[in-house]
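User: I would like to learn how to read surface features and charged pairs in a protein model. Could we go through them one at a time?
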Amino acid sequence: MRRLPLFRPVSTGLSLLAVLLAFGAAPATAQMQPPQDTTQVTFDEAVRTALDQNTNIKRAQAQARQSNVQVRSEWMDFAPNLSIDSDITRRVGRNFSQVTGDFTTQSTDFFNLSGRSSITLFNGFENISSLRGAREQAGADQTNLKRTRREVVFDVMDQFISLVESREIVRVRREQVTAQRQRLRQIEQFVEAGSRPESDLFTAEADLADAEQQLLQGKREREVTQTRLIQTLQLNPREAYDFRVPDLEGATLDSSRQELPALIDEAFQKRLDLRVAEAERRAAEQGVRSARSAYYPTLSLSGSYGTDWSSRGVAGNASDDFTNQLDVNRGGGLSLSISIPIFDRLQRSNQVEQAQVQAQDAEYALQDQRQEIALQVRQSYLDYRNAVQQLEAANKRLRAAERARTAAQERYELGSADIVELQNAIRDYVDAASQQVRARYELFFQQKRIDYNVGRLSPSAPLLGAPAKP
C-alpha cells in the first residue's frame, strides 16, 4: 500500500532560513503570543460554533420543523372534529296574542347549546396519500438538515486549511524579507569595499522593497481568510480571534484506495443529497395519488346533539324554568352523507396533470443529481491525482531551485556572477518554496474534498486527529 508523505521535508536546505545562515544571520525570532483579550478558537470549537450559529443550518432546522408540523396535520385528518356552539338571542317585534286577540309588541329571549362532530370515512385514499407524501417530505428535510451540517463543516475545514496555507506563505515571505535585508547589508559592504558596483546596491534595495510588498500581500490574504472564517462561524467581527490550526506535520494520504468506479458507487450509497432527491420523488408520487382521489366519492358521518331555551317557555308556557326547558328540548341526530363527483369543469384532470408534471420533474431532478454526484466525484478524483503530481513536481523544482540559489550565491561572492543572476536565483527559489507550500496543502484539501463528495465526511470527525498548535 502506497502512502504519500504530505508534509515530509524535501531536504535540509528547503527553508529560507538557509539564506540567513549563508549571510551569517541568526534565525528568525518566534512569533509573538496573541494578546490576552484575544479569543482562541480551535478547529473542533469552530465546528461546534458553526453547527450552533450558522444561518443555513438554522433555516434547514426551521424547514424540518415545518415538515413535522405538516405530518401532524395530515395525521389529524383521520380524527373526527368536534365543536360546541352556543348563542343567546333577543328577538323584538309585533306578535299576535291569542289572549287579547290583538297585536302586541314584546321581546323574546332565546338560548341555544349544541355540539357537532363529523368524520370522513372514505375520500378516495386522499388522506392516506397526503400523509405518506408529508412523511416523505419530512424525511427529505431531515436528511437535508444533515447534508447542510456537512456542508458547513466542509466550509470550516476548507477555510482552516486555507488559513494554514496563508500562514505558511506569510512565514516564507517573512524569512525572505529577513534574508533580503541581510543580503542588502552584505552588498553595502561590497560596494564600500569597491568590489561591486553601486547599481547592485540599488537592485538589492528594490528586491527588499518587493519582498516587503509580497509579505504585506500575504498578510492581507491571511486576514481575508480569517474574515471568511469569522463570517462562516457568525462570530462578533469587533473581537479579536486567534484560530489555532491543527498540526498537519507528518500527515500522510493513502492513494491506493482511490479508485474512481468504487468512489462513485460509494457516493451513490452515502450522499445525503441523493437521498433527499429520492425522498422528494416519492413525495411527488404520493401527490399524484392524492390528486387522483378526487375521482372517487366521499363518504362522511356526522352527528349533533343540543338543547335550547326560550323566554316564552314550552308551548307558550312562560312559567317553565330554565332547567326544565333544557331537559325537554334536548335532542340530536346522526347523518351519513355521500358525495359523488360528476363534473367539476375539468379541475380534477388539471390537478392530476399538474401532480404528474411535478412527479416527472422530481424524477428528472433525481437523475440530474445522480449525474452531478458522479461528475463531482470524478472531478475530485482527477484533481486529487493532479495534486499528487503537482506536489511531486513542486518538490523537484524546490530542490533544483535550492541548489541553483546556493550556486549563484557562491559565484556572486567569488565575483563570477552578477547581481541579476543572484536575484533571479533567489526569486525562483522563493517562488518554488511558495508553490511547494500551496501544492502540499492543495493535496490535503483534495483528499478532504474526495471524502466530502463521496459522503464520508462527518461533522463529529476532527480535521486530522492531531493536537492543535498556535
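User: Where is isoleucine 342 found?

Analyst: This is a predicted model, in which local features need pLDDT of at least 70, side-chain atom pairs count only at pLDDT 80 or more, and totals for chains, interfaces and linings use all residues. Residues are numbered from 1 along each chain as its sequence is written, and side-chain values use heavy atoms, with hydrogens and water left out. Helices (H or I, at least four residues) and strands (E, at least two) are DSSP runs, numbered from the N terminus. Isoleucine 342 lies in the loop between β8 (331-339) and α9 (347-414).

User: Is isoleucine 342 buried or exposed?

Analyst: A residue is called buried under 20% relative accessible area, exposed over 50%, and partly exposed in between, with a 1.4 Å probe and protein chains only. Isoleucine 342 counts as exposed because its relative accessibility is 74%.

User: Which residues make a nonpolar surface patch of about 620 Å²?

Analyst: Patches are made of residues with over 30% relative accessible area and no salt bridge, where like charges are joined within 9 Å and nonpolar side chains (Val, Leu, Ile, Met, Phe, Trp, Tyr) within 5 Å. The areas come from the Shrake-Rupley method with a 1.4 Å probe, and for residues only the protein chains shown count as cover. Here Ile338, Ile340, Ile342, Phe343 and Leu346 make the nonpolar patch.

User: How many salt bridges does the structure hold?

Analyst: A salt bridge is a side-chain nitrogen of Lys or Arg within 4 Å of a carboxyl oxygen of Asp or Glu. The structure holds 25 of them. One of these joins the side chains of glutamate 165 and arginine 438, at 3.1 Å from N to O. That pair links distant parts of the chain, since glutamate 165 is in helix α4 and arginine 438 in helix α10 (residues 419-454), 273 residues apart. Glutamate 165 counts as buried because its relative accessibility is 16%, whereas arginine 438, at 28%, is partly exposed.
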